Amino acid sequence: MPGSSAHTVVAGRRDRSDAGSVRGLEVELRRYLGIASAYRGGEGSWAFLFHRLSGIGVWLFLVLHVIDIYLAGGDPHAYDDLLQFYASPVGRLMEILLGAALLYHALNGLRILLIDLWPSMAVHHKALWRLNWIIFVVVGVPGALIILRPYWKDAVDGFVGVARLTGVL
């Protein structure tokens, strides 16, 4: 009988018996936000999540970039202060995060393009995602070290100077 089960179908939707409970509200909220169905934990779900997050990060940078370019002409003193912030450790960390977001978004976009243009590559999506991460680390870590070079260069130069004074080098 249609009405005898705990769940009945009404106009193509399941009517849950716990709909009025806190659990029911949580399930409905998660479904509304897309949390319950979008991320199931596999490589494809993680790639999708990281692609969206990196895209948001790149968009936020673009907004910040428009603001700082405006400041260059509108308020040069504020622009100089902003450049000092960019040169600070926090600014350098933001630069590393921007580089990571751009690199991941570009690599994953190429992976998506490859799968879209050659649908037979879809069976290799896990291997392609892992290849993305290998390229990301191989390119991203040296890039991060270059961005942080002003901070570790002094320490290395000091070590080399001490080594030369003691005759090690």
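Here is a short chat about how helices H3 and H6 meet in this predicted model.

Reader: What makes up the contact of H3 with H6?

Author: From H3 come Glu43, Gly44, Trp46, Ala47 and Phe50; from H6 come His125, Lys126, Trp129, Arg130 and Trp133. Sorted by type, that's five nonpolar, two polar and three charged residues.

Reader: Glu43 is a charged residue. Why is Glu43 called buried?

Author: Its relative accessible area is 18%, and buried means under 20%. Glu43 therefore counts as buried. Leaving aside neighbours within four places in sequence, Glu43 is in contact with Lys126, Trp129 and Arg130.

Reader: Trp129 keeps turning up. What does Trp129 touch?

Author: Not counting residues up to four places away in sequence, Trp129 touches Glu43, Trp46, Ala47, Phe50, Tyr104, Asn108 and Arg111. Trp129 also belongs to the largest nonpolar core, along with Ala47, Leu103, Tyr104, Leu107 and Phe136.

Reader: And which helix gives the most to this core?

Author: That's H5 (89-117), with three residues. H5 and H6 each supply at least two.

How values were computed:
Residues are numbered from 1 along each chain as its sequence is written. This is a predicted model: local features need pLDDT of at least 70, side-chain atom pairs count only at pLDDT 80 or more; totals for chains, interfaces and linings use all residues. Side-chain values use heavy atoms; hydrogens and water are left out. Axes are lines fitted to C-alpha atoms, for helices over the stretch in contact, and angles run from 0 to 180 degrees between N-to-C directions. Helices (H or I, at least four residues) and strands (E, at least two) are DSSP runs, numbered from the N terminus. Contact means heavy atoms within 4.5 Å. Buried means under 20% relative accessible area, exposed over 50%, partly exposed in between (1.4 Å probe, protein chains only). A nonpolar core is a set of buried Ala, Val, Leu, Ile, Met, Phe, Trp, Tyr and Cys residues joined through side-chain atoms within 4.5 Å.
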